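Hello,

I am passing this structure on to you, with some notes on what turned up in it. Please have a look at it first and then read on.

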Amino acid sequence: MDIKLLSGNPLFKDINEDILRELVGPETCVIETYKKGTIIVQAGAVCTSIGFVLCGMLATQHINSDGDLLIINMFEANDVFGAALYKAERPEYPFTLVSLKESQVLYLSFAQIHKLIKNNSVFNDNFISFLSERMHIFQKKLKMIQYKDVRSKLIQYLSHEYRLCQTDTFQLRHSKVAIADIIGVARPSVSRELKNMGEEGIIQIAGNRVVLVRVELF
């Protein structure tokens with residue numbers, strides 16, 4: 001494994017690559033490759049490890065009371081899943097996890113994570129910061145779900161991208177189809193509302209390039 005695939009992960013921030021090789025070796029981790037459309041985790045399954053996405057794209061899915069399939073979250077390179085279940089009384093996945101494209105995931109058992117937290121102060125600090133940031137992301141996701149109209153959901157999505165890129169001009173990381181899944185709306189609605197926001201001078205959009213014209217809204 002190319003160790004650089006892990007060095008960009010927030011849990012391994014500021015950890016020297018040589019030390020990282022010692023912490024995460026073939027005897028301590030498992031790497032799995034998944035084809036597009038593979039169910040990686042079923043809701044209710046017991047979680048015994050943390051997954052580090054090396055490449056590809058995964059999505060957490062949920063079926064609501066109306067029988068609609070919703071995308072709750074998406075994981076790409078340098079994302080992590082399962083961390084919130086570490087030390088949980090009932091470490092069961094609350095979602096189904098599916099690969100949206102061919103993906104590769106590195107797994108570290110909870111036992112190994114415990115050793116890293118105990119023996120490496122940098123990893124320990126990173127883990128605490130990561131969980132704190134995840135709480136903020138979860139709160140934003142709940143806020144997005146509260147909105148019923150497409151524009152409000154899109155503004156929340158673009159606000160997140162704005163803060164992530166720290167510039168009012170950026171490339172969309174997701175396709176319009178993926179954005180529709182993320183914010184939980186019908187897929188044609190995303191293109192239509194982005195066009196309306198462009199015509200009203202709220203944003204400028206050309207292909208995947210977005211300029212936030214009325215930044216105060218984001």
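To start with a question: is Phe-81 buried or exposed? Phe-81 is buried, at a relative accessible area of 2% (buried means under 20% relative accessible area, exposed over 50%, partly exposed in between, with a 1.4 Å probe and protein chains only).

Before the rest, some ground rules. This is a predicted model, in which local features need pLDDT of at least 70 and side-chain atom pairs count only at pLDDT 80 or more, while totals for chains, interfaces and linings use all residues. Residues are numbered from 1 along each chain as its sequence is written, and side-chain values use heavy atoms, with hydrogens and water left out.

**Aromatic pairs**

Searching the whole structure gives eight aromatic pairs (rings of Phe, Tyr and Trp, the last by its six-membered ring, with centres within 6.5 Å; planes under 30 degrees apart are stacked, over 60 edge-to-face, the rest tilted). One of them is edge-to-face because the ring planes of Phe-81 and Tyr-107 stand at 80°, with centres 6.1 Å apart. Phe-81 sits in strand β6 (residues 80-81) and Tyr-107 in strand β8 (residues 103-109), so this pair ties together parts 26 residues apart in sequence. (Helices, H or I with at least four residues, and strands, E with at least two, are DSSP runs numbered from the N terminus.) Tyr-107 is buried as well, at 14% relative accessibility.

Tyr-86 and Phe-127 also pair edge-to-face, with centres 5.7 Å apart and planes at 80°. Tyr-86 is in the loop between β6 and β7 (96-99), and Phe-127 is in helix α4 (residues 121-146), so the parts they tie together are 41 residues apart in sequence. Ring pairs link Tyr-86 and Phe-127 into a cluster with Phe-12, Phe-52, Phe-110 and Phe-123.

**Helix α7**

In α7 (residues 187-199), the buried residues include Ser-189, Val-190, Glu-193, Leu-194 and Met-197. Down the helix axis the buried residues fall within an arc of 125° (taken from the directions from the axis to the C-beta atoms), so they line one face of α7. The face turned away from that side carries exposed Pro-188, Lys-195 and Glu-199. After α7 comes Gly-201, with a positive phi near 75°.

**A three-stranded sheet**

An open sheet has the order β9-β11-β10, with antiparallel pairing (two strands pair if DSSP finds at least two bridges between them). β9 (169-171) and β10 are at the edges with a single partner strand each, so one side of each has no neighbour in the sheet. Three bridges join β9 to β11 (residues 209-212).

Best wishes
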